[in-house]
Amino acid sequence: MDLSLLRSSLLFRGMTEAELSAALAALRAEEKRVQKGQLLLRAGDRTDRIGLVLEGSVTVESNDLWGNRTLLSHVGQLQFFAESYALLAGEPLLVDVRANEASRVLFFHLDGTEALETGEPWAQKLAVNLLRISTQKNLQLSQRSFHTSPKTARGRVMAYLNTVSLQKQSREFDIPFDRQQLADYLNLERTALSKELGRMQREGLIRVRKSHFCLC
């Protein structure tokens, strides 16, 4: 296992190599390879594990009984998922976590807050890092609310693209979603999204090719 890669992740930031090795052993780290479309966690399940994406990406989705899907977030390399549920151990998941592509994921068993109560130096650093991760996730959820609050398709598209442009510090960028995923994320029908993107391109507001955008 590449310890230097893990130490660059937010979860293990600030740990020495010895502390990281101790953390991996205590948290019973296990690597899993998954194929595109494979469910890693299912709504209704309970988990004591936090997932770290080593390669590839996963999506966090809400799928209701009537077949409606809402894409809540994209989790890329060295990002995390299920940390809140792992800390609450016993709370049923309200979301599905699905592989967005062939991926490698490392799971850690938190057993609620038990792993953080050992008093070990790595456990203290882990607790601080988990707080940072939770704060970051709350910000992402707030951003999604901002992106889906406009009443029109154009308003939602522009709110999302403006956020990505600010984050990338560029008017030209790739987004992590394909067309269907972007529609699900913005709570739009795919046809309505495609039509609006076409209109915006014809009006000279954007240039778009697949997942690559340029704001004009």
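Begin with the largest pocket of this predicted model, which is lined by 37 residues; select Leu-72, Ser-73, His-74, Lys-137 and Gln-140, the lining residues that lie nearest its centre. The volume of this pocket is about 910 Å³. Next, colour β5 (69–75), β6 (80–81), α3 (83–88), α4 (121–148) and α5 (153–168), the elements that each give two or more residues to the lining. Among these, α4 provides the largest share, with 10 residues. If you colour the lining by residue class, you will find 19 nonpolar, 13 polar and 5 charged residues.

To see the contact itself, show the side chains of Ala-153, Arg-154, Val-157 and Met-158 on α5, together with Leu-193, Glu-196, Leu-197, Arg-199 and Met-200 on α7. By class, this contact comprises 6 nonpolar and 3 charged residues, with no polar ones.

Finally, turn to the open sheet of 4 strands, in which the order is β1-β8-β3-β6 and the pairing is antiparallel. Select β1 (30–34) and β6, which stand at the edges with a single partner strand each, so that one side of each has no neighbour in the sheet. Then select strand β3 (residues 49–55) and strand β8 (residues 103–109), which pair in the antiparallel sense over 6 bridges.

Notes. Residues numbered from 1 in each chain as written. Predicted model: local features only at pLDDT ≥ 70, side-chain atom pairs only at ≥ 80, totals over all residues. Heavy atoms only, no water. 1 Å grid on protein atoms, 1.4 Å probe; cavity = no way out; pocket = protein on both sides within 12 Å on 5 of 7 lines; lining within 4 Å. Points joined across faces, edges and corners; volume = space filled by probe spheres on them. Nonpolar A, V, L, I, M, F, W, Y, C, P; charged D, E, K, R; others polar. Contact = heavy atoms within 4.5 Å. Pairing = 2+ DSSP bridges.
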